[in-house]
Amino acid sequence: MYVEFDRDTCVGMYQCVAEWDAFEKNLNDGKADLKGSEEADEDLFVVEVPDGEELDAKFAARSCPVDAIEVYDDDGEQVV
Ligand code: SF4
């Protein structure tokens with residue numbers, strides 16, 4: 001399972017930070033940062049979800065008011 005984070009869309013409401021500790025506040029940018037992620041495209045960050053953190057990742061994606069977080073299974077199917 002992996003997460004795609006569209007940092008350009010992020011508006012810094014930080015609901016995701018409360019749901020999954022992979023997300024942290026970046027108060028300088030007014031955006032979230034996704035720890036350990038790689039920038040796959042401009043402002044699009046991808047990270048593998050560690051075992052046991054799948055639910056947290058899904059809750060983070062559901063909590064985002066601007067849908068900046070998407071969750072995919074290992075087959076590339078979007079699950080959130
Ligand atoms: S909940 Fe969405 S808009 Fe808010 S900080 Fe997280 S990714 Fe950004």
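Guide: The radius of gyration is taken over C-alpha atoms, and the globule rule is 2.2 Å times the number of residues to the power 0.38. This model is predicted, so local features need pLDDT of at least 70 and side-chain atom pairs pLDDT 80 or more, while totals for chains, interfaces and linings use all residues. Residues are numbered from 1 along each chain, and side-chain values use heavy atoms, without hydrogens or water.

Visitor: Why does the chain agree with a compact globule?

Guide: For 80 residues, the rule gives a radius of gyration near 12 Å. The chain has 11 Å, so the two agree.

Visitor: Why is alanine 68 called buried?

Guide: Buried means under 20% relative accessible area, with a 1.4 Å probe and protein chains only. Alanine 68 has 2% relative accessibility, so it counts as buried. Buried residues make up 34% of the 80 residues in the chain.

Visitor: What does alanine 68 touch, leaving out residues up to four places away in sequence?

Guide: Contact means heavy atoms within 4.5 Å. Alanine 68 touches Glu4, Phe5, Asp6, Thr9 and Cys10. Aspartate 6 is 62 residues away along the chain, yet the two C-alpha atoms are separated by 4.9 Å.

Visitor: What makes up the shell around the ligand, by class?

Guide: The shell has 11 nonpolar, 2 polar and no charged residues. Ala, Val, Leu, Ile, Met, Phe, Trp, Tyr, Cys and Pro count as nonpolar, Asp, Glu, Lys and Arg as charged, and the others, Gly among them, as polar.

Definitions and conventions. Buried means under 20% relative accessible area, exposed over 50%, partly exposed in between (1.4 Å probe, protein chains only).
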